[in-house]
Amino acid sequence: MSKFTKKTAFHLFVFILFCGRMTAQTSNDTIQVQEPKQDSITELNTEKSHLNYKSLIIPAAFIGYGVASLSVKKLKQINFSTRDEINEHKPDHIKLDNYTQFAPAILVYGLNAAGVQGKHNFKERSIIYGTSMLITSAITIPLKHMVKEERPDQSNNLSFPSGHTAIAFASAQFMFREYKDTNFWLGISGYSLAVFTGVYRMLNDKHWVGDVVAGAGFGILSTELAYWLYPKINTMLGGKNKNTAMMVMPFYQNKSVGIGFVKTF
């Protein structure tokens, strides 16, 4: 990796670590409520589904920067100057970012299979992650066609926001939420893979800086919304039926991203 690439990746990684600490601190800042009775399951699920507005500060900042980079002259200049500097070093174009976008989520399943348990069981985390992927796709794909920003390599007009980066940070946030209470450093380790994905979307000349930053914001937001919606979705999918088995997993095939869903009764 070139000197510029190492420096850029390091700075982005440090920034994400800082944001991870902020997320960890704010996620503990919840409203104290009266402990519900043991037979009040519905009330308990409702309280747990409250969305902590402080957890939305970081993704909102990322999204705001990305949107502003579409029209604010100084931010657009950062897009062009960053691309020019990257092109000066002529980095090799690799396609690992097609796979690293899912790596944090795969790690969660692998760690649980190895006995390092996260916050939720297999069924629960599958619902959450599947919901996150659906929200991410529902946000990024229409936006690409609405904004119609040209990619740096001029291959098409679907640059904003970066879908790969959105999925990568949605996966990293999923890993963080699963392990933040038991192993904070393990929880934030997924962000390194998300940063790698975002950096290489720029090195591969597929996205501007603003596209990547906005993608990170949309990804984090999608996972936060997925955890908030989980109690409702779990009930809707028959979460009270212990004989129900379900699996939700993303897939990547022929340059297409999708969600696989299997449910048995």
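Contact here means heavy atoms within 4.5 Å, and helices (H or I, at least four residues) are DSSP runs, as are strands (E, at least two), numbered from the N terminus. This is a predicted model, in which local features need pLDDT of at least 70 and side-chain atom pairs count only at pLDDT 80 or more, while totals for chains, interfaces and linings use all residues. Residues are numbered from 1 along each chain as its sequence is written, and side-chain values use heavy atoms, with hydrogens and water left out.

**Packing of H6 with H8**

- In helix H6, the residues Pro104, Ala105, Leu107, Val108, Tyr109, Leu111 and Asn112 meet Ala168, Ser171, Ala172, Phe174, Met175, Glu178 and Tyr179 of H8.
- By class, this contact of H6 with H8 has eleven nonpolar, two polar and one charged residues, where Ala, Val, Leu, Ile, Met, Phe, Trp, Tyr, Cys and Pro count as nonpolar, Asp, Glu, Lys and Arg as charged, and the others, Gly among them, as polar.
- Helix H6 (residues 103-113) and H8 have axes 7 Å apart and pack at an angle of about 30°, the axes being lines fitted to C-alpha atoms, for helices over the stretch in contact, with angles running from 0 to 180 degrees between N-to-C directions.
- That angle makes H6 roughly parallel to H8, given that angles under 35 degrees count as roughly parallel, over 145 as roughly antiparallel, 65 to 115 as roughly perpendicular and the rest as oblique.

**Packing of H3 with H11**

- The axes of helix H3 (residues 57-68) and H11 cross at roughly 150° and come within 7 Å, and H3 and H11 are therefore roughly antiparallel to each other.
- The crossing of H3 and H11 is left-handed, a term used if the near helix is turned anticlockwise from the far one by less than a right angle, with right-handed used if clockwise.
- On the H3 side the contact is made by Pro59, Phe62, Ile63, Tyr65 and Gly66, and on the H11 side by residues including Val209, Val213, Phe218 and Leu221.
- The contact of H3 with H11 has, by class, eleven nonpolar, three polar and no charged residues.
- Isoleucine 57, found in helix H3, is 164 residues from leucine 221 in sequence, with 9.5 Å between the two in space, C-alpha to C-alpha.
- Isoleucine 57 is partly exposed, with a relative accessible area of 48% (buried means under 20% relative accessible area, exposed over 50%, partly exposed in between, with a 1.4 Å probe and protein chains only).

**Salt bridges**

- The structure holds five salt bridges, each being a side-chain nitrogen of Lys or Arg within 4 Å of a carboxyl oxygen of Asp or Glu.
- Arginine 83 forms a salt bridge with aspartate 205, with the closest N and O atoms 2.9 Å apart; the pair links distant parts of the chain, 122 residues apart, with arginine 83 in helix H4 (residues 73-89) and aspartate 205 in the loop between helix H10 (190-203) and helix H11 (209-236).
- Arginine 83 counts as partly exposed at 25% relative accessibility, whereas aspartate 205 counts as buried at 12%.
- In the salt bridge of arginine 201 with aspartate 97, the closest N and O atoms are 3.2 Å apart; arginine 201 lies in helix H10 and aspartate 97 in helix H5 (residues 97-100), so the pair ties together parts 104 residues apart in sequence.
- Arginine 201 and aspartate 97 are both buried.
- Lysine 206 and aspartate 153 meet through their side chains in a salt bridge (2.9 Å, N to O).
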